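Morning, everyone. I have one structure to walk through, and I will keep it brief. Please have the sequence and the model open.

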Amino acid sequence: MDLEQLRTYCLSRPGAVEDFPFGPETLVVKVGGKMFALISLDETPLRINLKGDPNDNEFLRQQFPAVIPGYHMNKRHWNTIILDGSLSDDFILDQIDNSYRIVFESLPWKVRDSIKSP
């Protein structure tokens, strides 16, 4: 999966917008003003930080070497996924969807209601 595919998929989630609050090297994708994906543009291979359930995060880290604790994030709630080719595109897309869902469901109902439900 390349950067453009990753970016396009993240932005295809309802209400998703991109931002660069940390500088030009980190693409942040938000829903309702909250981050659900951070893509490191200056890393090779690409890396994406995604939110997850703490128990699932720990399990994924144990199962896959390309899943590590979230870089510069709360390590309990965020994973960094290294896009080194060892993980399937479907797995990566599922993790993006999961991160989006967790953040979307945490939004106030008025904000959720204003965004087309996922």
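Predicted model: local features only at pLDDT ≥ 70, side-chain atom pairs only at ≥ 80, totals over all residues.

Start with the layout. The protein chain has four helices and six strands. Read from the N terminus, the order is α-β-β-β-β-α-β-β-α-α.

Next, the dimensions. Along the principal axes, the C-alpha atoms fill a box of roughly 40 × 30 × 25 Å. What radius of gyration would a compact globule with 118 residues have? Near 13 Å, and the protein chain has 13 Å, so the two agree.

Now burial and surface. Of the 118 residues, 42% count as buried. The accessible surface of the protein chain is about 6600 Å². Carbon and sulfur atoms account for 51% of that surface.

On contacts, take pairs of residues at least 6 apart in sequence. Of those contacts, 43% join residues at least 24 apart.

Then charge. The protein chain carries 13 positive and 17 negative charges. Their mean positions are 9 Å apart.

On to helix H3. It covers residues 89–106, which is 18 residues. At 1.5 Å a residue, H3 should span 26 Å.

Which residues of H3 are buried? They are Phe-91, Ile-92, Leu-93, Gln-95, Ile-96, Asn-98, Ser-99, Tyr-100, Val-103 and Phe-104. Keep Val-103 in mind.

That brings me to Met-35. Met-35 is in strand E3, residues 34–40. Its relative accessibility is 25%, so Met-35 counts as partly exposed; the cut-off for buried is under 20%.

What does Met-35 touch, leaving aside its neighbours within four places in sequence? Met-35 is in contact with Phe-22, Val-28, Val-29, Lys-30, Met-73, Trp-78 and Val-103. Val-17 is 18 residues from Met-35 along the chain, and their C-alpha atoms are separated by 9.5 Å.

Last residue: Thr-8. Thr-8 sits in helix H1, residues 3–11. Thr-8 counts as partly exposed because its relative accessibility is 44%. Thr-8 and Asp-42 are 34 residues apart in sequence. In space they are 18 Å apart, C-alpha to C-alpha.

That is my walk-through. Over to you.

Definitions and conventions
Residues numbered from 1 in each chain as written. Heavy atoms only, no water. Helix = DSSP H or I, 4+ residues; strand = E, 2+ residues; numbered from the N terminus. Expected span 1.5 Å × (residues − 1). Buried < 20%, exposed > 50% of the residue type's maximum accessible area, 1.4 Å probe, protein only. Rg over C-alpha atoms; globule rule 2.2 N^0.38 Å. Contact = heavy atoms within 4.5 Å. Areas by Shrake-Rupley, 256 points an atom, 1.4 Å probe, with all protein chains shown as cover. Lys, Arg positive; Asp, Glu negative; His and termini not counted. Charge placed at Lys NZ, Arg CZ, Asp CG, Glu CD.
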